[in-house]
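Please open the model in your viewer and keep the sequence panel beside it.

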Amino acid sequence: MARDTGTEALAHLAEERVDHRFKGLPPDAMGLTVAELAGQRRNLFTDGFTTPVLALSAERLAHNLALMETYTVRHGLAFAPHGKTSMAPQLFHRQLEHGAWGITLAVPHQVWVARAFGIERIFLANELVDPAALRRVAADLAADPGFRFVCYVDSVRGVELMDAALRGAARPVDVVVELAAGEGARTGVRTEAECAAVADAVAAVPTLRLVGVAGYEGEVPQADPERVTAYLRRLTALAADFDKGGRFAGADEIVVSAGGSAWFDAVADAFAEIPELSLPVLQLLRSGAYVSHDDGHYRRLTPFARVPEEGALEPAFRLWAQVVSRPSPEQAFANAGKRDAAYDLDLPDAQVVRRDGTERPATGVTVTGLSDQHAWLRTTAEAELEVGDWIGFGLSHPCTSFDKWQLIPVAEADGTVVDYIRTFF
C-alpha cells in the first residue's frame, strides 16, 4: 500500500503548476504543469530560462546512481543513502531502484516527507526524544506492518524519554546504540562501558528493541585512514561484544551502520572484517552526497580518489548566472549569490562562459565573494568577459546546494531539459 501511495504522490508532483515559487524557470511557462513543461523539452540556454538557474546533469546523475549501486554490491553492503542531502523524493525512488535498502534521514520532518512518498525503510541517523514525533512514528508503525524504522540512542536519559512517549505503542521502535567517534566529536556514547549501560536501559523497557550499533566516522577528530579505521573497528567490536552478551536476542538481524561520503572505502574494509555473529548482519552504508557529488569539498575527499580502480563520481550540479556589471577590467558581477549557491565550505568555481551559443573555459575568472544576490568576480585580461555573458559555476557541498532550489531542471549535455526535481526542505 505504501508503495502505491508513493507512486501516486510522485505523480502529483508532475501535476503541480509552475508559478512564482520556482526560480529560474521560463516566465511563459507559468501555469503549465511540471509534466507539461518537461514534455516540451526546452533548452536551458535558448528557451526562456532566466538566470540564476541551477541545473543537474542528466547523464552525470545517472552515472553516480549506477556507480554507487555497483560499489555497494561489490562490497556486500546494504545502502541507505542519506536523504537530507537532496530531500528530493524523486531521487529517493531512483536510489531505491538502484538497489538501496532504504533512506537515511536526520530529523522528524524529513521522515514525514519520506513517508508521504511511500518510503518503507527509514534509518534515522540521530537521537529522537521528541514525544510528538515518537507518537507519530508509533502510529505509522501500527498502521503499516511493512514500515521499518530504526533510530539512534546515546543515553539512558534518552531511553527513558522514548519509553515515556511510546507507552502503549503497538510495536517497539528499533534502536541502535551510537558510538561516538571520539572525545570532542559530535553525538554518541563515549565509552564501551557507557554503551553497555544504554543497551541495558533499552532491554529494560518494552517500547524499544535493540537491533544494532552505529556511528559516523566523518566525525573522527583529526581524521586520517588509521584513526578512521581504528574507530570503525571499535564499532564492529562493539557489535560482536553485544552479540556475545545476548543483547540482540529479540532482533531478526544485527544492524551495523556507518558511512558518510568521505570514508566509505574504510567502512567497506572494516565491515568486511566483521566475524560471523549469531544473526545475519545488515552492513548498512549511509553516504548521501554521491548523488550529485560536487566541484569542491567532496571532489577533494571522495574515497574514489584513493581507489580509482573502483570508478569515479562526476559533479552533476552547475549554477548558471549572468554577468550584469563590468565596472572595471579587474572586476565583474554576476547575478547569483548566497540565496542561490552553496558557500559554507567553498565559494563557487567559475568553470565556463557562454556567449552567442558558444561555450569556452572561464579562464581568468575567480569568485572572490558572495552578496545575497551577487557573485563578486575578479577578472584578468584573459577573461574577455562582457555584460550579458552566462557563466557556469561548479558548487561545493550538495547539502547546501539542493536546499536553495525547490524545482531543479535536469538537463542533458546539449541543454535539453528532460525532467524537474522537486525538493522539500
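Select Phe-333 to begin: its relative accessibility is 13%, so this residue counts as buried (buried means under 20% relative accessible area, exposed over 50%, and partly exposed in between, with a 1.4 Å probe and protein chains only). Phe-333 and Trp-376 form an edge-to-face aromatic pair, 4.8 Å centre to centre with 70° between the planes. Rings of Phe, Tyr and Trp (its six-membered ring) pair if their centres lie within 6.5 Å; planes under 30 degrees apart count as stacked, over 60 as edge-to-face and the rest as tilted. Because Phe-333 belongs to strand S11 (residues 331-334) and Trp-376 to strand S15 (residues 375-379), the pair ties together parts that are 43 residues apart in sequence. Helices (H or I, at least four residues) and strands (E, at least two) are DSSP runs, numbered from the N terminus.

The model is predicted: local features need pLDDT of at least 70, side-chain atom pairs count only at pLDDT 80 or more, and totals for chains, interfaces and linings use all residues. Residues are numbered from 1 along each chain as its sequence is written, and side-chain values use heavy atoms, with hydrogens and water left out.

A search of the whole structure finds 13 aromatic pairs. For an aromatic cluster, select Phe-45, Trp-320 and Trp-390 together.

On a 1 Å grid over the protein atoms alone, a pocket is an open set of points with protein on both sides within 12 Å along at least five of seven lines, whereas a cavity is a set where a 1.4 Å probe fits but cannot get out; lining residues have an atom within 4 Å of a point. Grid points are joined across faces, edges and corners, and a volume is the space filled by probe spheres set on the points. Strand S1 (53-57), helix H3 (58-74), strand S10 (317-328) and strand S12 (349-355) are the elements that give two or more residues to the lining of the second largest pocket. That lining divides into 10 nonpolar, three polar and eight charged residues. Here Ala, Val, Leu, Ile, Met, Phe, Trp, Tyr, Cys and Pro count as nonpolar, Asp, Glu, Lys and Arg as charged, and the others, Gly among them, as polar.

Next, select His-82, Lys-84, Arg-186, Tyr-216 and Gly-260, which lie nearest the centre of the largest pocket among its 33 lining residues. The largest pocket has a volume of about 650 Å³. Strand S4 (121-127) and helix H11 (297-301) each give two or more residues to its lining, and H11 gives the most, with three. The lining of the largest pocket comprises 16 nonpolar, 12 polar and five charged residues.

**The largest cavity**

The structure holds three cavities of 30 Å³ or more. To find the largest cavity, select Ser-261, Phe-264, Ala-289, Tyr-290, His-293, Tyr-298, Thr-302 and Leu-313, which line it. The space within the largest cavity is about 40 Å³. Its lining has five nonpolar, three polar and no charged residues.

**A buried loop residue**

Move to Ser-86, in the loop between strand S2 (78-79) and helix H4 (89-97). Is Ser-86 buried or exposed? Ser-86 counts as buried, at 3% relative accessibility. Leaving aside residues up to four places away in sequence, Ser-86 touches Leu-91, Phe-92, Phe-402, Thr-423 and Phe-425 (contact means heavy atoms within 4.5 Å).

**Backbone details**

Select Thr-51 and Pro-52: the peptide bond from Thr-51 to Pro-52 is cis, with omega near 0°. Pro-52 is placed in the loop between helix H2 (34-39) and S1.

Then select Gln-222, which has a positive phi of about 50° although it is not a glycine. Gln-222 is exposed, with a relative accessible area of 64%.

End at Glu-384, in the loop between S15 and strand S16 (390-394). The phi of Glu-384 is near 45°, a positive value in a residue other than glycine, and Glu-384 counts as exposed at 56% relative accessibility.
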